[in-house]
Amino acid sequence: MKIDQTLPLEYSTEQNRLNILGFWIFLGAEIALFGTLFASYFTLVNRTGSGPTAAEIFEIMPVIIETVLLLISSFTIGLGIHAMRLGRKRAMLIFFGSTLLLGLSFLAVEIYDFIVYIHEGATLQTSGFTAILFTLLGTHGAHIIFGLFWGLLIMYQIIKNGLTPETTNKAFIFSLYWHFLDVIWIFIFSFVFLKGMM
Amino acid sequence: MNFFDRFAVPNPSITIYASMIAIALTVIAIIAGLTYFKKWQYVWSEWLTTVDHKRIGIMYLISALIMLFRGGADAIMMRAQTAVPDNTLLGAKEYNEIFTTHGVVMIIFMAMAFIMALMNFAIPLQIGARDVAFPRLNALSYWLYFFGAMLFNISFVIGGSPDSGWSSYFPLAGTDFSQSVGTNYYMLALQISGLGTLLTGINFITTILKMRAPGMTLMKMPMFVWSALVTNFIIVFAFPVLTVALAMGTMDRLFGTNFFTTENGGMDMLWANLFWVWGHPEVYILILPAFGIYSEIISTFARRNLYGYKSMVISMVAISLLSFLVWVHHFFTMGQGALVNSIFSVTTMVIAVPTGIKIFNWLFTLRKGKIEFTVPMLYTLGFIPIFTIGGVTGVMLAMASADYQYHNTMFLVAHFHLVIIPGVVFAMIAGLTYWWPKMFGFMLNERIGKWAFWFIAIGVCVTFFPMFISGLNGQARRMYTYSESTGFGIWNMISFVGALGLLVGFILIVYNIYYSTRYSPRNIPGDPWDARSLEWATPTPVPEYNFAVIPHVDSSEAFWDYKKKGYQLFRDPVQSIHMPNNSGLPIIIGAGFFVWGFAFVFGIWPVVILSTLFIFGCLAYRSLEKDHGHYIPVSDIEIDEQGGSVQ
Amino acid sequence: MRALFPLKQVMGLICSLTLTAAALTVYFFDLSFEAGSSVLLITAFLQAIIQLTVFMHAGEGEDKKIIYTGIYYGAFVALVTVFGSLLALVWGYY
């Protein structure tokens, strides 16, 4: 396998460059996926039937906490990739570990949110609005859950195999995924929660 | 309902029981045959686990042909039922199931598979690459498509076929009106094969953008490669919309949500909206590769460079963007206001412009060409006038106010069949005939091929032209019968006769494959058509690694200029070649998805959870697996090249 | 230790947090619908740009053009879907 020494490890082989580009294109598809969910959300947001409206169930504090947690996790994984490029494996693992912990906390708050909604009479089946609300948040949340397991698997491989062209490539792609989830959350935060409470 | 009752077919008939027996016998015959001839090892290690794009292409091809006959059988049954007034051949429910499965099978499992087949086979060869960017993902795409198709096709013997139309509009497709599991099958089968298509899209964009032979700039790519690139972009951005719509439909049916219901704030129109946000780009996903194939065939058999290369590329890019801006024309009559309909009327007419440009480019390429009337060329020449008729009736339908008259009539059915059949089916048969010698090492018989062409071309016109008239007279689509006083009888009878002509044509194609397999000479050169692009620079049969030496490209007609102008293609010495290893994982993951989908259809949740875990387990296994592929040493390569290479 | 915290990324985090705070004004102050929506649109898209350029290194490799084409195409489809659906099903529906 040809390794180009002038590039960071994650870009160093032809296959690595293909993987990264392929993943970017996948993220393009994810934009369309979440775009469709947002389109459905905006269409259904006022169709609450006999159930509660957005303004009645949203609370600002949990949402702010979730946003800050996810923003910081996006920062720490960025630092993780930076440490990886410096070849500092231990620092990188610490940053990746913190990212996953932050992601887990985010998830805990989101589950708390869901429980609150259900207690206030907004279940998945209540109305068109609650169905798309849970689906939009749930799709993002499911991505986070998948990311947690994926991240663990990558940390395991880095501990076991060190920083190789393969492991760094996987770690870099994972970081792209995680940042992307942060971008999606920003849009949920702005156009679902803040707009709903405006 | 009793647990096992759900697996029974809701409206059984003799034909369904006969099919069950036929399916059982076929499965037994395949298993017994493979065991008797001791071919399990061969099939498993050479085909089922292959990551070679050429073999995956051939597997897509076989699947597409089988699906063509499944969908064709549905079509014949529909034409037979409506051939005479008040016919009792089929009941209303059976007719509903048949037109639904006809549409889904033909669009999703036949046409899509056919373009995947030809893209898989030809694209890496045309850009001078040894495989696609992600060979294993490519195999996974195929198996997801395959198991999605299987899941859809078992519906009619286990639990009942979907029966709410290929567009599956809610609330008809909701649990109130579609009580059998048929629509669940629709949702899950399309979800699984759609995932496969999305992965193909990502794979081919990466392949085309990153793995072209040195010197092949974007504007030197063969036109089929350009069309595939644009198509795959549309795939990547359109299929996620379908994914979401299907997920929401599944939740409505299985979890009691209110996305598309008519109560508690649900909005049934949202389904139609999302379906066509995907559905219209899907039309262009089917047609653009066909345009690419026609471009290749026209320049090959007119012996001229393609006229207006740049404008061809610009038109396709324009179409790819415009295709996302027209979807509302599928439901002009749904109740949105005049402003909305006007906007989408205009965008729809605008999209006819780049398509028209392409037609003129082909005509200008033909002008002063030395046209050779081979079978692929006949289909291409037949395509231009028939497609134009289909196209201009599309512009008629684009006028929102007039569409109130045409909507949901046979006029519409005539329009889209006259676009899709010459557009896609002709192109697929043409492409199949054109690339057949590269795939299998012998030519298809031209004489039988020409007979098949005339039956199909005339059959299409005879089948669908009468529908324009009966449609304008008011015959609605999807009606299983009509009374004699309507006067539709004569038109439908003509249609039926045309459909029989089509049937004869397709049987001739199968006969041609059989005949040519037996009698066609095997000593053909690598370039039997005297063609122009790089796939013909390989020896036949094409070795696993495609090119012993990666070619250098200096013009848009690389192989032609190599033959005629003395450009050098192969300049580097032979080196050992790195190739990916075969893997059983893609088919295993595909099978996991099949179990997942089946359990989901019937709401057997423990199995759903287990199969989900199994699929993720396979992904984790893949991540931890150490597999760096293998090298083919120089000595092996040179032995291969002593065959029929043109070098 | 300082090498592990590059200025660019620290500034990126500060910018994101600031933009989040700016977006929160629509909750804590009584803005009109138009003003509030404009604030949200601007802050959300700026945040997305920060993530893409600062954290995701979208523009650093040889494939910069392809990556941006993909993102623009995705954004185009997402916006068309959102506004087209709203137009057909809500705003333009009588």
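1. Starting in chain A: Thr130(A) sits in helix 5 (residues 128–161) of chain A, where helices are DSSP runs of H or I with at least four residues, strands are runs of E with at least two, and both are numbered from the N terminus. Thr130(A) is buried, at a relative accessible area of 0%; buried means under 20%, exposed over 50%, and partly exposed in between, with a 1.4 Å probe and protein chains only. Setting aside residues up to four places away in sequence, Thr130(A) touches Ala122(A), Thr123(A), Leu124(A) and Gln125(A), a contact being heavy atoms within 4.5 Å.

2. Before going further, the ground rules. This is a predicted model, in which local features need pLDDT of at least 70, side-chain atom pairs count only at pLDDT 80 or more, and totals for chains, interfaces and linings use all residues. Residues are numbered from 1 along each chain as its sequence is written, chains are lettered from A and ligands numbered from 1 in the order in which they are written, and side-chain values use heavy atoms, with hydrogens and water left out.

3. On confidence, the predictor gives the complex an ipTM of 0.95 and a pTM of 0.95. Chain C averages a pLDDT of 89, and 100% of its residues score at least 70; pLDDT is the predictor's confidence in each residue, from 0 to 100. Within chain C, the lowest confidence is in helix 2 (residues 33–55), with a mean of 89, and the highest is in helix 3 (residues 64–91), at 93.

4. Back to chain A, this time to Leu27(A). Leu27(A) lies in helix 1 (residues 14–44) of chain A and counts as buried at 2% relative accessibility.

5. Chain A as a whole has 6 helices and 0 strands, and its pattern along the sequence reads α-α-α-α-α-α. The C-alpha atoms fill a box of roughly 65 × 30 × 25 Å along the principal axes. Of the 198 residues of chain A, 64% count as buried. Among the contacts in chain A with a separation of 6 or more, 80% come from residues 24 or more positions apart.

6. Accessible areas come from the Shrake-Rupley method with a 1.4 Å probe, and for residues only the protein chains shown count as cover. Chain A carries 10 positive and 12 negative side chains, with the centres of the two sets 14 Å apart. Lys and Arg count as positive and Asp and Glu as negative, with His and the chain ends not counted; each charge is placed at NZ of Lys, CZ of Arg, CG of Asp or CD of Glu.

7. Now chain B, which has 19 helices and 2 strands. Its radius of gyration is 25 Å, close to the 26 Å that the globule rule gives for 647 residues, so chain B is as compact as a globular protein of that length. The radius is taken over C-alpha atoms, and the rule is 2.2 Å times the number of residues to the power 0.38. The C-alpha trace of chain B spans about 70 × 60 × 50 Å along its principal axes.

8. In chain B, 61% of the 647 residues count as buried. Of its contacts between residues at least 6 apart in sequence, 82% join residues at least 24 apart. Chain B exposes about 24,000 Å², with carbon and sulfur atoms supplying 69%. There are 35 positive and 33 negative side chains in chain B, and the centres of the two sets lie 8 Å apart.

9. Two cis peptide bonds to check in chain B. Phe170(B) to Pro171(B) is cis, with omega near 5°; Pro171(B) is in the loop between helix 5 (135–154) and helix 6 (182–210). Thr540(B) to Pro541(B) is also cis, with omega near -5°, and Pro541(B) is in the loop between helix 15 (489–519) and helix 16 (558–564).

10. Finally, the backbone at two asparagines. Asn408(B) has a positive phi, near 60°, and is found in the loop between helix 12 (400–406) and helix 13 (410–440) of chain B. Asn546(B) has a phi near 65°, again positive in a residue other than glycine, and is found in the loop between helix 15 and helix 16 of chain B. Buried or exposed, what is the state of Asn546(B)? Asn546(B) counts as buried at 1% relative accessibility, whereas Asn408(B) is partly exposed at 37%.
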